[in-house]
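Subject: Structure handover

Hello,

Here is the structure I said I would pass on to you. Please keep it open while you read the notes below.

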Amino acid sequence: MKQVLFTILALFVSVAVFAQKPVAEKSTQAGPRITFEESEYNFGDIYQGDKVEHVFTFENTGTEPLILTNVNVTCGCTATDWPRNPVAPGDTAQLKVTFNSAGKMGGQTKVITIISNAVNSQERVKMVGNILPPKKEETK
């Protein structure tokens, strides 16, 4: 009986050991790789109707030219300006994001998806913050 229990226990332990994922190593895959300095920008509290602009800087840390093919946003309140020319290995470029808070209230998270020819072909950055009611006009 002890031998059967020991065999079952050994089986469970060996399955658990082999089921573990290996620790992720830095990719050595050849090709372009997009690496952002920051993946999130918190603009804090703003008033409804304010516009917020932020520039996300990224680098091509790969071995071949990086080409952005598209940048998708979650709603029409967010606009982007991104480089259309290839980014050489080791060079940096910028993704400018503008958020218009008109008609928005409360906590906001705007996700921007960057699609490219990189080995990490879809990367995401986001802008987060809180929209307060519009400022009241001062009366005289």
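Not counting residues up to four places away in sequence, Thr113 touches Asn70, Val71, Asn72, Gln122, Glu123 and Arg124; contact here means heavy atoms within 4.5 Å. Thr113 lies in strand β7. Its relative accessibility is 11%, so Thr113 counts as buried. Buried means under 20% relative accessible area, exposed means over 50%, and partly exposed is in between, with a 1.4 Å probe and protein chains only.

Some notes on the source. This is a predicted model, in which local features need pLDDT of at least 70 and side-chain atom pairs count only at pLDDT 80 or more, while totals for chains, interfaces and linings use all residues. Residues are numbered from 1 along each chain as its sequence is written, and side-chain values use heavy atoms, with hydrogens and water left out.

**Overall layout**

The protein has one helix and eight strands. Along the sequence they follow the pattern α-β-β-β-β-β-β-β-β. Helices (H or I, at least four residues) and strands (E, at least two) are DSSP runs, numbered from the N terminus. Of the 140 residues, 28% count as buried. Among contacts between residues at least 6 apart in sequence, 66% join residues at least 24 apart.

**The mixed sheet**

Four strands, in the order β2-β8-β7-β4, form an open sheet with mixed pairing. Its edge strands are β2 (40-47) and β4 (68-73), each of which pairs on one side only. From one strand to the next, the twist averages 20°. For such angles, axes are lines fitted to C-alpha atoms, for helices over the stretch in contact, and angles run from 0 to 180 degrees between N-to-C directions. Two strands pair if DSSP finds at least two bridges between them. Strand β8 (residues 122-132) pairs with β2 in the parallel sense, over seven bridges. Asp45 stands opposite Asn130 in β8.

**The antiparallel sheet**

Another open sheet has four strands in the order β1-β3-β6-β5, with antiparallel pairing. Why is one side of β1 and of β5 (78-81) left without a neighbour in the sheet? These two strands stand at the edges, and each has a single partner strand. The twist here averages 30° from one strand to the next.

Strand β1 (residues 34-36) is joined to strand β3 (residues 51-60) by three bridges in the antiparallel sense. Ile34 stands opposite Asn60 in β3. Nine bridges connect β3 with strand β6 (residues 92-100), and these two run antiparallel. Thr57 has Gln94 in β6 as its bridge partner.

**The nonpolar core**

Which residues have the most contacts inside the largest nonpolar core? They are Ile34, Phe36, Phe58, Leu95 and Ile114, in a core of 23 residues. At least two residues of this core come from each of β1, β2, β3, β4, β6, β7 (106-116) and β8. Strand β6 gives the largest share, four residues. A nonpolar core is a set of buried Ala, Val, Leu, Ile, Met, Phe, Trp, Tyr and Cys residues joined through side-chain atoms within 4.5 Å. As background, nonpolar side chains in soluble globular proteins tend to be buried together.

**Rings**

There are two aromatic pairs. One of them is Phe36 with Phe58, which is tilted, at 5.3 Å centre to centre and 50° between the planes. This pair links distant parts of the chain, with Phe36 in strand β1 and Phe58 in strand β3, 22 residues apart. Rings of Phe, Tyr and Trp (its six-membered ring) pair if their centres lie within 6.5 Å; planes under 30 degrees apart count as stacked, over 60 as edge-to-face and the rest as tilted. Both Phe36 and Phe58 are buried. Among the residues that Phe36 touches are Leu95, Ile114 and Val125.

Arg84 has its charged end over the ring of Trp82, 3.7 Å from the ring centre. A charge sits over a ring if NZ of Lys or CZ of Arg is within 6 Å of the ring centre and within 35 degrees of the ring normal.

**A glycine in a loop**

Gly62 is in the loop between β3 and β4. With a relative accessible area of 17%, Gly62 is buried. Gly62 touches Gly31, Pro32, Arg33 and Pro89, not counting residues up to four places away in sequence. Gly62 and Pro89 are 27 residues apart along the chain, and their C-alpha atoms are separated by 5.7 Å.

Regards
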